[in-house]
Amino acid sequence: MTGKCECGRRCFIFSYNLASVERCTDAMASHSSSPVPHPSSGGSEGIFRKDRDPSSRHYRPVHSLPDVCPKEPTGEAARGLCEGPSVVADQHRWTVYNSKVNLPAALNDPRLAKRESDFFTKSWGLDFAETEVMPSFYLPNITKEHFGPYLQETAQREKIHERCKNICPNKDELDAVSSITNNHDKSRTELEQVPKIFMKPDFALDDPTTFNAVLPWSHFNSAGRKSSRDMASSRLLQEKLSHYLDVVEVSIARQISLRSEAFFHAMSSQHELQDRLTETARAVAVLRGRTAAIERIMCEGPLRALRQALTRSNCARLHNKLKLMAAVHQSQPTVQLLLSTSEFVGALELIATTKEVLQQELQGIHSFRHLGSQLCEMEKLIDKMMVEDFSMYSRSDLSRSLEDDGQVIEKWSLFSQMQYKRSVSIKDRLESLVFGLLRQRKLDFLDIYSDEMILAAKSIVTQSVVDSVSQIEEIDTDIVTKLADQMRLMTFPQWFELLKSVFENFILFLKRIKATLSVVRNVVLEALDSNQKSRLLERGKQGGLAEAPGTPLNQGEAELAYLTHEGLFISDALNDAQLHLGAGGGQEQSSTVGPRQALSRLDGCGSDSASGTTESSSSREHALQPGGAAGISSSEDMMPSDLELGRVANNIQELLYTASDVSHDRCVKVLMARAKDGSLERLSSAEFVFLSQAVEGFVRDTEELCCRRSVSLRGALQSQANRFVHRFHEERKTKLSLLLDNERWKQAEVPAEFQDLVNSIADGRITLPERKPQGTEERKPSDYLHIDGQKYAVVGTVLLLIRIFLEYCQCVNDIPSISTDMLTRLSDLLKHFNSRSCQLVLGAGALQVVGLKTITTKNLALASRCLQLVVHYIPVIRAHFETKLTPKQYSVLRHFDHITKDYNDHIAEISAKLVSIMDSMFEKVLSKYEVKAPMPSACFRNVCKQMAKMHEALYELLPEEQAQMLFLRINASLKIHLKRQLARLGVHHDGGPQHGLVTVDVAFYTENVQSLRTLEKLDLNMAEIWEQKR
């Protein structure tokens, strides 16, 4: 950059660049430059430089001027100041700010590598072109091979140089950093010489304070005359301000040099930006003209047509709005009319549709501002009416006479709000009520029915007791007022008839409840099915299934609500459209009808005064039908969700279970009232069986009817059964004890009825046989009881014991619930028989109880045979009880195993007792045995006599196998005692005389024993009496 400065009569032209800023500053400070500029050695660049005096090559340093000028400058300094430029006098002359950038200065940009390539063509046109300099023909073509030898020589030094270069920092970089730091510090030092007042952002010379601080006029003579002192002060001030200006300019030049790249880039792109803006402005003007022509020719007419069409559409919409407002205005009277006919479903649908229309299409209408709250109040009123009607229905249905044939009330007379009487089908009315309650989410309506059901169950028992007592003359109701006391005064047949009457009434009661709950369940299932169909239709719409060509109604066909002069709403448009489209797509089309159309239909249905009433079932079907006339789309948000409907369905089933439980609980109270004084415990087994059968029949009927296994009545019966079983068992145990205490243990005759009894048991009938009528031919009793080909000689007590345990089995057949208890009691009875018979026979208790003189072998054998008979029937009893028990109760059957073991041990003890009797006789007789003539000896004669008596006593009682086993054991005892006596006598098997005598006695004994019946083939093996020789 080239600048021009005039100071007094001298003019300086100087060049600013990075290398000469400081020199220019020194030159201006020295005032020793030549008055006429001369071109320097680089004149081709067009930059003029002043010639320097050889004597002035050594520059003096720049000294900072004082802030306050001296008042009396003297000497050469004063003369120098007088010769300097004056700011006041030279203000209109050329200054450094008038300098311009010339071409040489621009071309001498230090960043030549980044010079723009289109500089000349942009400034001087496209005709300007650069020409290439042709290569010289005198210079050889230098290639890389010419430098090969040199590169080989310097390769090693280059490696060393690169290694040192990486290790040591670059001197140029250090110099550059140091120079930048020095220049920055120098510039900062120079700027600090400038007073701070010039740097303030609010610096203004028009401020007197600032002006007086910059130009202290107090140093000048105020008299108006010029003195040499004033001239010196003014020049000094001018020099100081000039110095400040130079410092600032140098700093600015330095900052410009640092940002020269951006400066040159802005300068180079300025012209291109101006050309593009000019072209853009020209194109915008042409475009605006064309747009105006297009608007005038092509747009004004069509826009006018569209505007008129929009106006017409707005008018049509306004007309439809007015019609819709008229329909909404008539909705409230229509709701009143529907409520007067107890048409709750239609009224709720109309209210919901009207509210939806108010919120969606008539929002903000001032005249309808109170209609929403009025509709809400009416909806609350309908809720109360439906709850009251359902409560009244429940009370009427459950409290009506049980003798009616119908399970659901066929007709129900009611008074409406208009005070007229009508006969309405209660089934349809119930369905309408349930649907309305579901729609209003009154899901607790079943609690009302449950409360009424409990009250009705109590009244059933009360009425049954009153009816039964009224037919009994012996009971004075004036004296005995409580129902429980009245029932206890009845005989068992009378009370049993009352109980059966209660059972029958409760069966009818449950059937009626089931029929009502079936109607409620059907409505819930219909609502659930409707929700599912609605979702399927919505999915079909989203998937494009319901968008077939020609299927949905267009706008004209969908406008249904028309207000006539009579105030009625007609839906002929939709009906005609549906007839035209056919029944196949009717449901899908009707699902597209909006809330206004549903409102029109409901109003048209409700305001039909000629019809008198509307069928609730038809309106409910419309409401439940997906896309039906009642507009399920308008009420599907009001209906409970599938989860809630499922809970209601479960609650319906639970309510039926509750009804079964309540019925059982009331029957339990009847049963407990009778059992309070213990009268049920005193029943005979037949009477208790009748009671048990009646209760089981009622329980079975309720289970089939309600699919519920109630346990309260069974539990009460089980409690009474336990008491009955205890009494039943104690009676039979006492009876058995008395029979055993009076038993003389003699063989008894077996009546024919007992033989028939055991025969029926053999045939698999574990029950008591029916009593045969008197007059039949009497059969003679038998000596033995024939069972499975065997003869059993028994006592009378065992025959009765067989009948007793058959009574136990029969009781289990009649009352299966007491199987485990009865099995335990029967086990106790069998144990009692075993232990008591052991005490009487083996323990010789019969000697004191009955007065027997002695317990004979016949008594023992008869007792053993009776025990064997009981053991024979224990598996039969076990199998019978096993069929009555559940697999979890099989563990109680182990009692029979223990009983069988005890009986077998008892039988073995009796056999051992018989052997011990003969053993003691052998020991007594054979201890006196002597081997001497005559033979057979008297001792062996006595033994054979006792053996014959034993055989005679046991022969007719024990079977052949048991008799043989018993006599083998007796024979073994004889051989032991005989062997011991022979050893004492010293008789050996040596063929001597004594051996011969013993052989005669043994032969006599063997012959006598084998001559007994059933003992002919008995192997006595008498050779064992001889000791073996060692």
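Predicted model: local features only at pLDDT ≥ 70, side-chain atom pairs only at ≥ 80, totals over all residues.
## Overall make-up

The protein has 1030 residues, and 39% of them are buried. Its secondary structure consists of 34 helices and eight strands.

The protein exposes about 59,700 Å². Carbon and sulfur atoms supply 54% of that area.

## Confidence

The average pLDDT is 74. A score of at least 70 is reached by 71% of the residues.

Two stretches call for care. Over residues 1-84 the pLDDT is below 50. Beyond near neighbours in sequence, that stretch still has 126 contacts in the model. Residues 410-424 also have a pLDDT below 50. For this stretch, the model shows 32 contacts beyond near neighbours in sequence.

## Helix α27

Helix α27 covers residues 796-814, 19 residues in total. From first C-alpha to last, α27 reaches 27 Å. That is close to the 27 Å expected at 1.5 Å a residue.

Why is α27 described as largely enclosed by the rest of the structure? Of its 19 residues, 14 are buried, so the rest of the structure encloses most of the helix.

## Histidine 880

Histidine 880 belongs to helix α30, which spans residues 857-884. Is histidine 880 buried or exposed? Its relative accessible area is 10%. The cut-off for buried is under 20%, so histidine 880 counts as buried.

What does the side chain of histidine 880 make a polar contact with? The partner is the side chain of asparagine 813, at 3.0 Å. Leaving aside neighbours within four places in sequence, histidine 880 is in contact with Ile766, Cys809 and Asn813.

## Glutamate 1027

Glutamate 1027 sits in the segment after α34, a helix of residues 993-1010. Its relative accessible area is 49%. The cut-off for exposed is over 50%, so glutamate 1027 is classed as partly exposed.

Which residues does glutamate 1027 touch, apart from neighbours within four places in sequence? They are Lys979 and Ala983. Lysine 979 is 48 residues away from glutamate 1027 in sequence. In space, the two are 7.5 Å apart, C-alpha to C-alpha.

Key:
Residues numbered from 1 in each chain as written. Heavy atoms only, no water. Helix = DSSP H or I, 4+ residues; strand = E, 2+ residues; numbered from the N terminus. Expected span 1.5 Å × (residues − 1). Buried < 20%, exposed > 50% of the residue type's maximum accessible area, 1.4 Å probe, protein only. Polar contact = N/O pair within 3.5 Å; in protein donor to acceptor, adjacent residues only side chain to side chain. Contact = heavy atoms within 4.5 Å. pLDDT = per-residue confidence, 0-100. Areas by Shrake-Rupley, 256 points an atom, 1.4 Å probe, with all protein chains shown as cover.
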